[in-house]
Structure formats: structure tokens, C-alpha cells
Amino acid sequence: MHQLPVLVVGAGPVGQTTAALLARWGAPVRLFDQREARDPVGSKSICQARDVLDIWEMVGVGQRLAHEGTTWTTARTFFQDREIASWRFTDPGRSAFPPCVNIGQQRTEQLLDEALSRLCVQTSWGHELVAIEQTGAQVTARFRCRDGETEVAGSYLVAATGARSNAVRDQLGVTFAGETFDDQFLICDIKADLAGWETERRFYFDPEWNPGRQVLIHACPDSTYRIDWQVPGDYDLAEDEAAGGLDERIRRILGDREYSILWKTVYRFHSRHADRIRIGRVLLAGDAAHLVSPFGARGLNTGVFEAENAAWKITYALRGWAGPGLLESYNSERLAATMENLEVTSATMRFLAPQTEEARQERTQRLLAAAADPAVAANVDSGRFAEPFWYVASPLTTSDPARPFAGRPPKGTTPPPAPGILVPDSPVTIEDRASVTRLRELLRDGFTVLLPDASELDAVRAAVPRATAAAVDVIAADRLGGGSDVIRSLSMRAGEAWIIRPDAYVAAVAPAADAGAVAGGLRRALGY
């Protein structure tokens, strides 16, 4: 029987990633966008986190972005003219990717388009989604096109339609509550020579060249810098530029260096979220599901994790391997991630833009204290960088009392491996798969049960059919090239079976000799 395609609407990076990963899984997929063609204007989302590069490498894009992008390792924070804080990324394993690269969104989209072409996924441009109807085993999307309207039937629909998705959300009966911050932010992409700034993110509180407000500077490829100024709510870019104010702003940072402006814009930040992101056969992803302030780069990076979460779960549903709770877990897992992102970014915005005189005074006192005592710098919030969400409370996760989750770790670090935590990456080789070079690459072809040694291989392999008809890899770490590093980074203990999801998250740690516990952990991770 012919299988209906999965419909992905919105050809930005989140929609592109969703479509590419679905195609990688072998699912039929069609991609639509209401624009007539791609619009490569401005840098837009520039910060791509290590774990997102890792996901993109599954479709051949991560290493290219890592190679072409500007790698930064250090975040420096200043109060007026004095540095008060600095932190560096840590790596719990031995990742093949840098902690973060900066690269313009237009290049990311170009490489993802190339990946889609290799996967034989075409984008249907000029298709505006105007109606969604769900009946039985399909969803029908109605699009407005150049020549009128057309209907397309699909098995599922992923709406990655961006921030202006009110019509889509309204049709689905989804609310989008939240707030909008009063201050605006001026963003310029500037080409200039700033030697020594290439590997840093610089954040300035109350500099003399933007008194009372903030400035953020990111390095990008080809001697390009992204500068964000916090400006008043009534700021007028055209008026400022005509009066020479914009040039003065730039000169106060660059001095007399030559520069050129490649792109500029002004916008307000929002903090909003959908009350549900799975509505029957429709999943919301990216900015259609949530809006967060960009300090910490939690917009695009979060959306890519949603793309991966949706892709493997839809694929398992299409193949008949999903339990009744698997698709609904997209809602619970990614909505929980959204709420954490909103909590983190809203706290940052309250610190960046205090709304009362009391809050402003409290912030000034905290900054003064940090300037005098570096130990107080942890109380200065200039943005907690994007990190994976930890599915410790997911309905798919079987908790391990021996590995309790201690809560959100310090900025720039990750929690120790345990159920609900993304597996640390490390180099590995395996005898019958010459192309595999990394642990996460090995894990992302389906469910895996990872054992420290081969003593329980037969017992675990016998337990798997009790849980699922899906193929499940059972692998002994000590038979991997680099297996000792895997055992060390996971803190694996003798007699354990680590059940890993297709997105490389740990679902459970069970006694390998207990067939019921192994099967139970697998079934729970499949939504039963």
C-alpha cells in the first residue's frame, strides 16, 4: 500500500532539518514554504551549538558548518570598561565538533538545501498554508498558490512556519501566551578587522558607548562581526542613520578602523509559547511553537532538537513500532524544554532590561559587586548558552535511583550520564561498520542496548523481541575501538544494560541479566 508523505511546512532550518532527517529514516516527505524563493538576507541566527552540529552531521552538514564557521570558546562579560566574568565550554566526552560556531543562517540554509537535494526532497515554494483538516489516518493541508488553491494529503504534518504562525495556531486551537519586552535591539552585521576578537563572545553591561544599556559582539566568518545594541523602545533606525548616530555607535566600538555594514535591523524580543505542540497528527516546531529572546542562542538550536525528536517518533509511528504514548511524548518532552528555555531567557532579559527602579538598582549593585569580587560573577546573567534539554521526567525515561538528577548544572557544563541525559560523544570504531567514527553516529540508527562487556550479550538479545519488533542493536562497549573511553565517559558498571534512544538520549539503565527489566525499559521508551 502506498504510504502518504509526511508534510513539513516551513523551509527554514527547523523545517529543513525535519524533512532531511525524515528522509534519512526512509520516510516519504514533502517540504513546503509560502515564500517564492529563499531570501538570503542578514545573518539572522548565527550561533550553532556543538550538539546541533552533531545532529546536522547525520545529513552531512555538521562538519562543513564547523569547518566554515568561526569557532568561539570563551564568553567574556564586562561592566562598563572592566571585565567581570569569563567562562569556557566543557566537553564531557571527546566530541568531533567545536563547542560552538558562528555562521550566518543563510549559509546554514544553503547547506541544508544541498542535503535535501541529496536525499531527493524538493521544496515546493509559493505554498501558503491556509487550512488543516485531520480525518482518521491522514491530515490534509490546503495551500494557496500562484494558480489558486491545492490540497495535499499526508500521514503527519510538522508546522515549522516561524514566528508569524498565528493563523496556523488559531486553526489548531492553540494559544500563544507570553510577553513582549519594551526595549528594542539594533543588530548590525559589520565587516571590519578586529584582531584578537575572533574566538570570543563579548558582552558589555552599561559601556560608556551605550550608557544604561547593553552591547553584545559576536565574531563571524570573513572578518564579519555581529553587534547587538539594546536601544530604547522608541528608537528609529532610519532617523539615527540619517543623523550620523549609527556611524557614531559603530565608531565608539571600532575606533577609526574601516568598516562596512552588510545588514542591519531592529526588533523586539518576545517570550511566548504554545500551550500544546502536538495536536493529533500535527506537530509544531521552532518559532511556531515558542519565541525566546536570543541571549543564549536558544531559538534555532532548540528547534533543531525538536526536528530530531519529531523525525524519529513519526518514523516509528509510520512503521508500526510506536506505543500509544510515543507521539504524545513529543508534546511533553519538547514543551518541557520550551518552559525551561523561557525560564532561562526571561531571567536573562529581566536582568538585561530591568522594568522597575528597584530592579535597576539591584542589578547595578550586583554588577558593582562582581567588578570588585570575581567570586560574585556567577550572579551576573548575560545569557546561559543553548544546551540540550534533559528528559529526566519524560514518560519515556526509566529513572535510575543510583544516578539521581541533581538539577540544572553550572553554566557551560553538562550533567553526568544517566537516564534522560544525552550520551557524551567519543571516537569509536566497530568491525562491521567501517563508516562509523563516533559513538553518537553509531547510536542514531535506531534503539541500542549498550553493555560494558560481552558477558550478557546473548541474554539481552533474547530479551529484545519481548519488547519490540523493531531492530535493536545490542553492542558490547569493550568490543568497540575506543570502548574504554565510552565505558569511562558513561561511568558504566559491570552487569548494566544502557538503553539508548535513536536521538542518543539514555532511556534506561537496567540489570543486563534481568530480561524483564531490559524489555520494560525498551517498551517504556517506545511509548508503551
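**Helix packing and strand pairing**

Analyst: In this model, α1 passes α4 in a left-handed crossing (left-handed if the near helix is turned anticlockwise from the far one by less than a right angle, right-handed if clockwise). The model is predicted: local features need pLDDT of at least 70, side-chain atom pairs count only at pLDDT 80 or more, and totals for chains, interfaces and linings use all residues. Residues are numbered from 1 along each chain as its sequence is written, and side-chain values use heavy atoms, with hydrogens and water left out.

User: Which residues make the contact between α1 and α4?

Analyst: Contact means heavy atoms within 4.5 Å. Helices (H or I, at least four residues) and strands (E, at least two) are DSSP runs, numbered from the N terminus. On α4 the contact uses Q105, E109, L112, D113 and L116; on α1 it uses P13, Q16, T17, A19 and A20.

User: At what angle do α1 and α4 pack?

Analyst: Axes are lines fitted to C-alpha atoms, for helices over the stretch in contact, and angles run from 0 to 180 degrees between N-to-C directions. The axes of α1 (residues 13–24) and α4 (residues 105–118) lie 10 Å apart, and the packing angle is about 20°. That makes α1 roughly parallel to α4 (under 35 degrees is roughly parallel, over 145 roughly antiparallel, 65 to 115 roughly perpendicular, the rest oblique). The angle asked for is about 20°.

User: Why does V8 count as buried?

Analyst: Buried means under 20% relative accessible area, exposed over 50%, partly exposed in between (1.4 Å probe, protein chains only). V8 lies in strand β1 (residues 6–9). Beyond its neighbours within four places in sequence, V8 is in contact with G15, T18, A19, L22, V29, R30, L31, F32 and V158. V8 counts as buried because its relative accessibility is 0%.

User: What covers the buried residues of α7?

Analyst: Helix α7 spans residues 245–254, and its buried residues are G245, L246, R249, I250, I253 and L254. Just after α7, G255 takes a positive phi of about 70°. The cover includes β13 (176–191), β15 (214–220), β16 (224–231), α6 (237–242) and β17 (260–274).

User: Which residue in β24 is the bridge partner of W498?

Analyst: Two strands pair if DSSP finds at least two bridges between them. β23 pairs with β24 (residues 506–511) over five bridges, in the antiparallel sense. On β21 (residues 447–451), which pairs with β23 over three bridges, L450 stands opposite W498. In β24 the partner is V509.

User: Which residues of β23 point one way, and which the other way?

Analyst: In a regular strand the side chains alternate between the two faces of the sheet. Five of the five residues of β23 (residues 496–500) are buried. E496, W498 and I500 point one way; the other way point A497 and I499.

User: In β11, what does A141 stand opposite?

Analyst: The open sheet β9-β10-β11 pairs in the antiparallel sense. Seven bridges join β10 (residues 138–145) to β11. Opposite A141 stands V152.
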